[in-house]
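Here is a short report on one helix and a set of charged pairs. Look at the sequence and the structure first, then read on.

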Amino acid sequence: ESMDVELFLDYTAEVKPAIDRQLAAYLECRGQGTRLRPYLYDILQGFVARGGKRLRPAMAMLACEAAGADPYLALPSGCAVEFFHAAALIHDDIMDESELRRDQQCAHIIHGVSLAINTGDYALGLVCTIVVQDQGLNDATKIAVLDAIGEMSARTIEGQALDVGWVRDEVYDLTTDDYLAMALGKTGYYSGISPLKIGSLIGGAPAAERVALEEFGRNAAVAFQIQDDLLNIVGNEATVGKDLLNDILESKRTLMVIHCLNEAGPTDVERLHELLRMGHEKEPRHVDEIVALLNRYDSIGYARRLARDLIVEARTHLEDLPNSRARTVLASMADFFLEREL
């Protein structure tokens with residue numbers, strides 16, 4: 001059963017201007033008129049201003065509202081997670097040798113690798129500063145939020161280590177559980193568990209509600225990552241842009257690739273190994289051949305079904321929260337994660 005994704009889209013449209021203003025405020029006044037500005041603050045401001053849907057600050061605000069508190073109390077901490085996201089993307093694009101991000105050249109292509117790494121480092125430093133300097137929170141809450149941010153940071157980087165390490169070491173003997181553990185780290189915390197946990201801490205939610213929100217976030221965010229992988233293969237070029245099929249080019253161990261490695265006959269497995277080993281040397285025909293194998297073994301259908309199951313599971317956890325607009329919007333967000341085109 002599908003819900004109204006419009007509810008969530010209306011909510012993000014409603015809070016986005018406030019989020020954008022808040023994000024800009026952290027950078028606008030820094031180094032104005034100095035020689036430093038173009039090498040750091042302008043780079044980060046330019047990257048953050050490219051948009052994105054501001055899902056993470058919105059999630060923190062929704063969790064805070066679900067706890068019965070003013071959602072805007074969670075706005076600064078939500079922005080802290082957004083800066084973590086910006087840093088992760090800037091550094092991730094360098095690791096993956098990507099060229100495009102949100103239909104523009106990646107930061108490291110525009111400004112060079114050195115300044116891009118440095119800008120990501122600044123964004124990471126800003127994350128804790130924002131929370132420490134937030135005058136709307138008492139010290140005990142700040143420490144709880146910082147602890148959640150530390151957990152988010154560690155888990156995300158662990159997931160990234162697996163994602164990159166598996167490609168480097170040509171690891172093929174992976175299972176669905178391996179993928180889910182990697183995705184839980186790489187995406188599950190900073191795009192689900194952590195913003196919701198942070199918002200519920202700020203809102204003063206009781207432990208049982210916090211746990212329900214975290215479980216919801218865990219399942220929804222892993223589904224979000226699977227959907228991300230799917231869109232990279234079956235998305236339409238107009239919405240996904242030049243990043244289409246990038247995961248295949250990079251030989252990423254996506255859920256579809258792992259499923260195919262486990263299901264395919266010996267000849268096809270051998271061929272898939274050969275193709276994956278080619279890395280960035282793949283030509284378009286090699287990419288097409290991999291996609292054909294994924295289709296032959298219904299690996300794409302498998303990923304779709306698993307993402308849907310995770311969202312159904314996620315929504316059951318919302319039943320442990322008191323009824324509120326925020327809870328309804330979170331249910332709508334779960335459906336958006338499956339139906340989004342971008």
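## Helix 13: length

How many residues does helix 13 have, and how far does it reach from its first C-alpha to its last? Helix 13 runs over residues 266-277 and has 12 residues. Its reach is 17 Å, close to the 16 Å expected at 1.5 Å a residue. Keep in mind that this is a predicted model.

Six names make up the buried set of helix 13: Asp268, Val269, Leu272, His273, Leu275 and Leu276. These residues cover an arc of only 165° around the axis, so they sit on the same side of helix 13. What do they pack against? Their partners are helix 12 (255-263) and helix 14 (284-296).

Now turn to the face pointing away from the buried side. Pro266 and Thr267 are the exposed residues there. Just after helix 13 comes Gly279, which takes a positive phi of about 55°.

## Salt bridges across the chain

How many salt bridges does the count give? It comes to 22 salt bridges. One of them joins the side chains of Arg54 and Glu82, at 3.0 Å from N to O. This pair links distant parts of the chain, 28 residues apart. Arg54 is in the loop between helix 2 (41-49) and helix 3 (55-66), while Glu82 is in helix 4 (residues 75-95). Are Arg54 and Glu82 buried or exposed? Both are buried.

The side chains of Arg277 and Glu170 meet at 3.1 Å, N to O. This pair, too, links distant parts of the chain: Arg277 belongs to helix 13, and Glu170 to the loop between helix 7 (139-168) and helix 8 (176-203). The two are 107 residues apart. Arg277 has 43% relative accessibility, so it counts as partly exposed. Glu170 is partly exposed as well, because its relative accessible area is 38%.

Where do Arg218 and Glu215 lie? Both are in helix 9 (residues 207-234), three residues apart, about one turn of the helix. Arg218 is partly exposed, with a relative accessible area of 27%. Glu215 counts as partly exposed at 25% relative accessibility.

Salt bridges can also share partners. Here, such bridges join Asp96, Asp163, Lys186, Glu250 and Lys252 into one network.

Definitions and conventions: Residues numbered from 1 in each chain as written. Predicted model: local features only at pLDDT ≥ 70, side-chain atom pairs only at ≥ 80, totals over all residues. Heavy atoms only, no water. Helix = DSSP H or I, 4+ residues; strand = E, 2+ residues; numbered from the N terminus. Expected span 1.5 Å × (residues − 1). Buried < 20%, exposed > 50% of the residue type's maximum accessible area, 1.4 Å probe, protein only. Arc of directions from axis to C-beta. Contact = heavy atoms within 4.5 Å. Salt bridge = Lys/Arg side-chain N within 4 Å of Asp/Glu carboxyl O.
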